[in-house]
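Open the model in your viewer and keep the selection panel at hand.

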Amino acid sequence: MVYCTVWSPHRPTPRAPQPLTDQGQEALRTNDLTTAATRLAEAVARWRVMSDPAGLANALHTLGVVYARMREPVRAVPLLEEASGLFQ
């Protein structure tokens, strides 16, 4: 038996993560760190689903910077390390 996956209106598809990444970066530029962290965390989750290493690396790096600015190195360092690995 062969199964194939087809698009269905009943099957949710991930929404594009780039707008969330952009919103998170803009929030970081305006020093709205809570909003930046929220948007970027969602963007990271969506980039992971889409298997896009470049987009994921960018969102991880920016989220790491946000946490560093929030003085949360325990959260920042793993994100920055993962981003660094993806950039290589």
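**Stop 1: the core**

Select A36, V44, L60, L63, V66 and Y67: of the 19 residues in the largest nonpolar core, these touch the most other members. A nonpolar core here is a set of buried Ala, Val, Leu, Ile, Met, Phe, Trp, Tyr and Cys residues joined through side-chain atoms within 4.5 Å; buried means under 20% relative accessible area, exposed over 50%, partly exposed in between (1.4 Å probe, protein chains only). Colour α1 (18-29), α2 (33-50), α3 and α4, each of which supplies at least two residues of this core. The largest share, seven residues, comes from α2.

This is a predicted model, in which local features need pLDDT of at least 70 and side-chain atom pairs pLDDT 80 or more, while totals for chains, interfaces and linings use all residues. Numbering starts from 1 along each chain as its sequence is written, and side-chain values use heavy atoms, without hydrogens and water.

**Stop 2: L60**

Centre on L60. Beyond its neighbours within four places in sequence, L60 is in contact (heavy atoms within 4.5 Å) with V44, R48, L79, E82, A83 and L86.

**Stop 3: helix α4**

Now select A76, L79 and A83, which are buried in α4. Viewed down the helix axis, the buried residues of α4 fall within an arc of 75 degrees (taken from the directions from the axis to the C-beta atoms), so they line one face. Their cover includes α3 (53-69). Turn to the other side of α4 for P73, V74 and E81, which are exposed.

**Stop 4: the whole chain**

Zoom out: the chain has four helices and zero strands, where helices (H or I, at least four residues) and strands (E, at least two) are DSSP runs numbered from the N terminus. Of its 88 residues, 32% count as buried.
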